[in-house]
Amino acid sequence: MENPVELRGMDDFTFAELPTTRELLVITSTTGDGEPPDNGAAFWRALSADSAPHLADTRYAVLALGDSNYDDFCSHGRKLDERLAELGGTRIRGRVDCEPDYEDAAAGWLGDVLHQLTRTAAMRTAPLRPASRPTPQKYTKKRPLVTSLVRNTTLSQPRSAKDVRQLVFDLPEETVSYEAGDALGVWPRNGKPLVDEWLTVTGLDPESEVEVSSQGSMTSMPLRDALTDHFEIAHISPDLLRFVQQRTSDANAAAELAELMRPKNKAALADWTWGRQSVDLLGQCKLNASVDEWLSVLKPLQPRLYSISSSPKESPREVHLTVSPVRYNFRGVPRRGVCSTYLADRSPSDQIAVYVRRSSNFRPPSDPSTPMIMIGPGTGIAPFRGFLQERRALGHTGGNWLFFGEQHAATDFYYRDEIQAMHADGLLTELDLAFSRDQREKVYVQHLMRKRGAQLWRWLQDGAQLYVCGTADPMAKDVDRAICEIVAEHGRLDADAARAYVQSLSADKRYHRDVY
Ligand SMILES: Cc1cc2nc3c(=O)[nH]c(=O)nc-3n(C[C@H](O)[C@H](O)[C@H](O)COP(=O)(O)OP(=O)(O)OC[C@H]3O[C@@H](n4cnc5c(N)ncnc54)[C@H](O)[C@@H]3O)c2cc1C
Ligand SMILES: NC(=O)c1ccc[n+]([C@@H]2O[C@H](COP(=O)([O-])OP(=O)(O)OC[C@H]3O[C@@H](n4cnc5c(N)ncnc54)[C@H](OP(=O)(O)O)[C@@H]3O)[C@@H](O)[C@H]2O)c1
């Protein structure tokens, strides 16, 4: 008998099916502090509960996606793998933990799994139906579209503490298509000042020829070019920290780093790393290493994601972003985020390598009459401009409610004219603005949500979809807490029942988050 292969998002998998699922392949990312991605939260709650079923008849394999720049590398994949074993499942093959350049490791894992499954299937004389493959995208993370910047406009007003930009890219016909809610991946280059400083603190010769893996083959180039285009030289990864700790000639610094790296000091390490770049560490902890040793410890440079702020219904040949450049001082020295300032420094007609990252869980409602509530302080507003343009172009009649917040109304109300016009013409049914620093006491979006709790609850009762975008911590956590409190108060539920209601909104795909 044929064995059908089904591909499901974790939120499309009914947990009751698990004990009768004979073969289970799990592919998962990890978010936040070792947590499941939003669409895997309900599956994990059920799997980790005391009432989880025994899985003696289940064979499984886990592919974990992550980034060892983060402390809890692939930890949700690891937890799933361990829990499935604890419940009696049998591994088809061991878990594989993947870095952002996951292709080879994932292909190896899939090859082994297929080999094991087809071998078993052959023993049962059951042919396996090949899984249907989605049509490959023409432009991908590994083969990005190199396209022109069309506009780089400052959205903040002159006296703002921020310098938020709208960046518009050209999408030539038959290259890349996107949907409202998708994100754009941008391949940055490290700026010259950072590369110079890194070369100074390591004492390496910028002209020395090095071999670099690029687009699947090895290429030789001067070290300076390799550092500019291929290596992550700003971040302090756990591997870099270990390398410096083991190799520095400064015994005091080595002892201090060893203490920070102890598992119990995870929070202190995160505090210490925040705002420090590798040049800050290397300037303090002197060490001698060859160019090959340095390159073996550096991670490959990775693209950054930005929520798309336009709708293809209004701008089919352009993609718009809303970017807040990261600029701050570390101990009096100006420091810059790699990609956000690379973008802010670009001019029209500059060529930039980009690709579309689909966000199938973050789309405006498909039903024309479904109400939508959008909570997007700061750059969190980005996708909601695209959502509103999309609904306008489609003639959707459902209510639209936006909560936006920034520091000051006078300087930080991005897209003010567009949003006010949408409010005036009724596309935006409700608009609540939290300008945090325009009064003595801070006002945040969640304060306004609580104030308007009764109406927000009515919208939820009317089937509204809820969307949150912006910083994951603390904003999205505080907003989530506010939603639970509003549900408890206006739905007259106790705290546990309110939490369960909010979880059911996620499970029913009515509560979506795109947070970073
Ligand atoms: C799905 C998704 C969508 C996103 N959408 C947007 C968007 O629409 N707009 C947007 O602007 N960003 C967005 N981001 C964030 C974006 O991807 C980058 O993370 C951000 O631009 C910073 O990248 P960078 O390369 O400039 O900084 P990096 O070089 O990666 O540096 C970041 C580091 O800088 C330090 N740092 C940052 N801020 C401070 C500070 N205030 N004080 C001290 N140190 C600090 C910290 O050490 C931090 O780890 C999104 C992220 C995701 C995952
Ligand atoms: N250092 C930099 O130069 C720089 C520049 C841009 C972005 N970034 C980083 O990029 C990320 C996104 O920044 P952003 O520009 O989108 O805006 P943001 O920093 O998230 O701020 C947007 C608005 O949200 C408010 N806010 C702060 N904490 C909140 C909370 N817990 N709940 C609800 N609202 C809250 C802010 O108020 P208050 O600010 O008044 O508290 C502000 O009014 C942040 O992580 C930020 O650190 C850094």
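Strand β12 gives the most to the shell around ligand 1, with 4 residues. Helices (H or I, at least four residues) and strands (E, at least two) are DSSP runs, numbered from the N terminus. This is a predicted model, in which local features need pLDDT of at least 70 and side-chain atom pairs count only at pLDDT 80 or more, while totals for chains, interfaces and linings use all residues. Residues are numbered from 1 along each chain as its sequence is written, chains are lettered from A and ligands numbered from 1 in the order in which they are written, and side-chain values use heavy atoms, with hydrogens and water left out.

## The two ligands

Around ligand 1 there are 20 residues, of which Leu305, Tyr306, Thr322, Cys339 and Ser340 come nearest; a residue is near a molecule if one of its heavy atoms lies within 4 Å of it. This shell divides into 10 nonpolar, 8 polar and 2 charged residues. In that division Ala, Val, Leu, Ile, Met, Phe, Trp, Tyr, Cys and Pro count as nonpolar, Asp, Glu, Lys and Arg as charged, and the others, Gly among them, as polar.

Ligand 2 is surrounded by 21 residues, and Ser324, Arg327, Thr379, Arg437 and Tyr444 are the closest. Its shell holds 7 nonpolar, 8 polar and 6 charged residues. Helix α17 gives the most to the shell around ligand 2, with 3 residues.

The table lists polar contacts of both ligands (a polar contact is a pair of N or O atoms within 3.5 Å).

| Ligand atom | Protein atom | Distance |
|---|---|---|
| oxygen of ligand 1 | backbone N or O of leucine 305 | 2.6 Å |
| oxygen of ligand 1 | polar side-chain atom of tyrosine 306 | 2.8 Å |
| oxygen of ligand 1 | polar backbone atom of valine 338 | 2.8 Å |
| oxygen of ligand 2 | polar backbone atom of glutamate 406 | 3.1 Å |
| oxygen of ligand 2 | backbone N or O of glutamine 407 | 3.5 Å |
| oxygen of ligand 2 | side-chain N or O of serine 436 | 2.7 Å |

Taken alone, ligand 1 exposes 1,000 Å², and the protein buries 76% of that. For ligand 2 the exposed area is 870 Å² when it is taken alone, of which the protein buries 77%. These accessible areas come from the Shrake-Rupley method with a 1.4 Å probe.

## Nonpolar cores

In soluble globular proteins, nonpolar side chains tend to be buried together. The largest nonpolar core has 36 residues, among which Trp198, Leu227, Leu281 and Trp294 touch the most other members. Such a core is a set of buried Ala, Val, Leu, Ile, Met, Phe, Trp, Tyr and Cys residues joined through side-chain atoms within 4.5 Å. Buried means under 20% relative accessible area, exposed over 50%, and partly exposed in between (1.4 Å probe, protein chains only).

Apart from its neighbours within four places in sequence, leucine 281 is in contact with Ile236, Leu240, Leu241, Val244, Leu257 and Trp272, where contact means heavy atoms within 4.5 Å. A second, separate core of 28 residues includes Ile375, Ala476, Ile483 and Cys484.

## Backbone features

Aspartate 473 and proline 474 are joined by a cis peptide bond, with omega about 10 degrees. Proline 474 is found in helix α17.

Glutamate 174, although not a glycine, has a positive phi of about 60 degrees. This residue lies in the loop between β6 (165-170) and β7 (183-187) and is exposed, with a relative accessible area of 67%. Serine 349 has a positive phi of about 80 degrees and is likewise not a glycine. The loop between α11 and β16 (351-357) contains serine 349, which is exposed at a relative accessible area of 53%.

Definitions and conventions: A polar contact is a pair of N or O atoms within 3.5 Å; within protein, one must be able to donate a hydrogen and the other to accept it, and residues adjacent in sequence count only if both atoms are side-chain atoms.
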